[in-house]
Amino acid sequence: MPFTISFFVSTMAFPTFVVLLCQVAVFLSLCAVGEGRYSIFRRFKEAQDTKKGSPFEEQWFPQKLDHFNGADTRVWKQRYFINEAFYRPGGPVFLMIGGEGPANPAWMKDGTWLTYAEKLGALCLMLEHRFYGMSHPTVDLSTDNLRFLSSRQALADLAHFRTMIAKARGLTDRKWVALGGSYPGSLAAWFRLKYPHLVHASVATSAPVYATVNFPEYLEVVWRSLASENTECPLLVKKASDDLVKRLKDPRTYENITKDFNLCSKLQIQTDMDSAYFLETLAGNFMNVVQYNEDNRGFEGVTGTNITIKVLCSVMTDSSLGDPYARYAAVARLMMETTSMKCLDTSFSKYVSDMTNTSWDGPAPIAGRQWVYQTCAEFGFYQSTDSPNQPFAGFPLVYFLKQCTNFYNISAEQVAEAVTQTNEYYGAYDIRSSRIVFPNGSIDPWHALGVTQDISADLPAIFIKGTSHCANMYPARSDDPPQLTLARDHISLLLQQWLKH
């Protein structure tokens, strides 16, 4: 039986919000150590100053460019952080894994993992993922260079880092624990799976372990999560979305739509991709709020965490604002006000231009080009509207697959083959390992691709009713629901138990 934690809590709301400063649906969420759009996934979280006021100095590790070609001796510098405050001689080493965004040193002074570290006397390290943040293995982001960006290379980075740091600091005989949330949660599980001699245990939070080209279940969970607050809410969202789709078929409506949604320039719909991009952008407001609902991310410097499912549904059910379409527009304006956006840019052509810029300081949203590449080359994860059991319309699977071709010359057939290879390599849901715990939240759409029932006694699942993406990783607060507190305590007990053996 999975360790399911649920209580009836009157306010099953979920706090948080992230405006998608970019498009393309696929976002993982960079929960733990970074910020990213697809993050694992939805849009990019807004940029944060990851150095401001941090007492933790960034450090640099000489890393191999290609771990799978012994003849290639090229190296680059990978960024990492260290916190020795809790370390006691003989204690374990905690390795927080970076993901699809800059490593944020805020995690070196806040977060549940530090509570565990204090109890267990652990040394805490955080390693930034190659190609994200300041960890630049190549001169640019050309498609040829992005071939060095993969989960397999990232795991080999972790293995080499763990081996060399252990030698340098006399930690070879210490027990290492890998931790991560979202895509880094997947990496935490796979690190234990593929390098069992190097990592003793893993906490794989909100980790999608099953790669899939089409992921319409994401929006199905969004429907259920909205309905958990108010059963009418997703029905009203669907009415608004359907109304907008009809309006987009008549160019005479474009001027009013431009005003209603406060667009940066007059709406131009010349292709199906233009329409899909616009509709996906607006749906992203709801997708992001659901994914990060009430997750206490404020310490990272994120704005908009006060926008919750409860807030969205209160707007969508407010008849004084007009019909469902008008309320949908009100949500979009609320999001822009909350994140200080002056207008909404929905130009697909500009998005293509930004995403095909290969410079490190290009105009694409944080890590946009890199993460979308990983979805095309490894994971899929495309949050399409192909299911009838969800509230949105207008951005089918083909919309995402065309982007793989446009940005990287990767065909739909190649995406499918890459996803098959990923599942063959890691085992998808059929993970054969030990000492990995899989926490997931019922509100989080990513739980649909995660482990939500025990695989074995040594591969337990913790399914937390009423919580969102990576909720158990964030700092505790007094008004946390009891099931979230229990989940954190259960993870702590597992770590204590596993580190005894």
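Modeller: The conversation below goes from the overall fold to the disulfides, the helices and the core.

Colleague: What kind of model is this, and how many helices and strands are there in the protein?

Modeller: This is a predicted model. The protein has 14 helices and 11 strands.

Colleague: How many of the 501 residues count as buried, as a percentage?

Modeller: Of the 501 residues, 61% count as buried.

Colleague: Let us turn to the cysteines. How many disulfides are there?

Modeller: The count comes to three disulfides. In one of them, Cys233 and Cys313 are paired, with their sulfur atoms 2.2 Å apart. This pair links distant parts of the chain, since Cys233 belongs to helix H5 and Cys313 to helix H8, 80 residues apart.

Colleague: Is the disulfide of Cys233 and Cys313 left-handed or right-handed?

Modeller: The torsion about its S-S bond is about -90 degrees, so the disulfide of Cys233 and Cys313 is left-handed.

Colleague: Are those two cysteines buried or exposed?

Modeller: Cys233 has a relative accessible area of 0% and is buried. Cys313 also counts as buried, at 3% relative accessibility.

Colleague: Which cysteine does a disulfide join to Cys264?

Modeller: Cys264 is joined to Cys343, with an S to S distance of 2.0 Å. The torsion about the S-S bond of Cys264 and Cys343 is about 95 degrees, so this disulfide is right-handed. Cys264 sits in the loop between H6 and H7, and Cys343 in the loop between H9 and helix H10 (348-355), so the pair ties together parts that are 79 residues apart in sequence.

Colleague: Where does the disulfide of Cys376 and Cys404 lie?

Modeller: Cys376 and Cys404 are joined with an S to S distance of 2.0 Å. The torsion about their S-S bond is about -85 degrees, so this disulfide is left-handed. Cys376 is in helix H11 (residues 368-379) and Cys404 in helix H12 (residues 397-408), 28 residues apart. Both Cys376 and Cys404 are buried.

Colleague: Back to helix H5, then. What span should its 15 residues have?

Modeller: At 1.5 Å a residue, the 15 residues of H5 (residues 233-247) should span 21 Å, and the end C-alpha atoms are 21 Å apart, which agrees.

Colleague: Which residues of H5 are buried?

Modeller: The buried residues of H5 are Cys233, Pro234, Leu236, Val237, Ala240, Ser241 and Leu244. They cover an arc of only 155 degrees around the axis, which puts them on the same side of H5. Lys239 and Lys246, on the other side of H5, are exposed.

Colleague: What covers the buried residues of H5?

Modeller: The cover includes helix H4 (217-229), helix H6 (254-260), helix H7 (272-291), helix H8 (309-316) and helix H9 (324-338).

Colleague: Which residues have the most contacts inside the largest nonpolar core?

Modeller: They are Leu244, Phe261 and Tyr328, in a core of 119 residues. H7 gives the most to this core, with 11 residues.

Colleague: What does Leu244 touch?

Modeller: Leaving aside residues up to four places away in sequence, Leu244 touches Ile257, Phe261, Phe278, Leu279, Leu282, Tyr325 and Tyr328. There is also a second, separate core of 33 residues, which includes Met96, Leu120, Tyr474 and Leu484.

Colleague: Which residues of H14 are buried?

Modeller: Among them are Leu484, Ala487, Arg488, His490, Ile491 and Trp498. Helix H14 (residues 482-498) has 17 residues and reaches 24 Å from its first C-alpha to its last, close to the 24 Å expected at 1.5 Å a residue.

Colleague: One last topic, the backbone. What is the phi of Ser182?

Modeller: Ser182 has a positive phi of about 75 degrees, although it is not a glycine. Ser182 is in the loop between strand E6 (176-181) and helix H3 (183-194), and counts as buried at 0% relative accessibility. Phe381, also not a glycine, has a positive phi of about 70 degrees. Phe381 lies in strand E9 (residues 380-382) and counts as buried at 3% relative accessibility.

Notes: Residues are numbered from 1 along each chain as its sequence is written. This is a predicted model: local features need pLDDT of at least 70, side-chain atom pairs count only at pLDDT 80 or more; totals for chains, interfaces and linings use all residues. Side-chain values use heavy atoms; hydrogens and water are left out. Helices (H or I, at least four residues) and strands (E, at least two) are DSSP runs, numbered from the N terminus. The expected span of a helix is 1.5 Å times one less than its number of residues. Buried means under 20% relative accessible area, exposed over 50%, partly exposed in between (1.4 Å probe, protein chains only). The arc is that of the directions from the helix axis to the C-beta atoms. Contact means heavy atoms within 4.5 Å. A nonpolar core is a set of buried Ala, Val, Leu, Ile, Met, Phe, Trp, Tyr and Cys residues joined through side-chain atoms within 4.5 Å. A disulfide is a pair of cysteine sulfur atoms within 2.5 Å.
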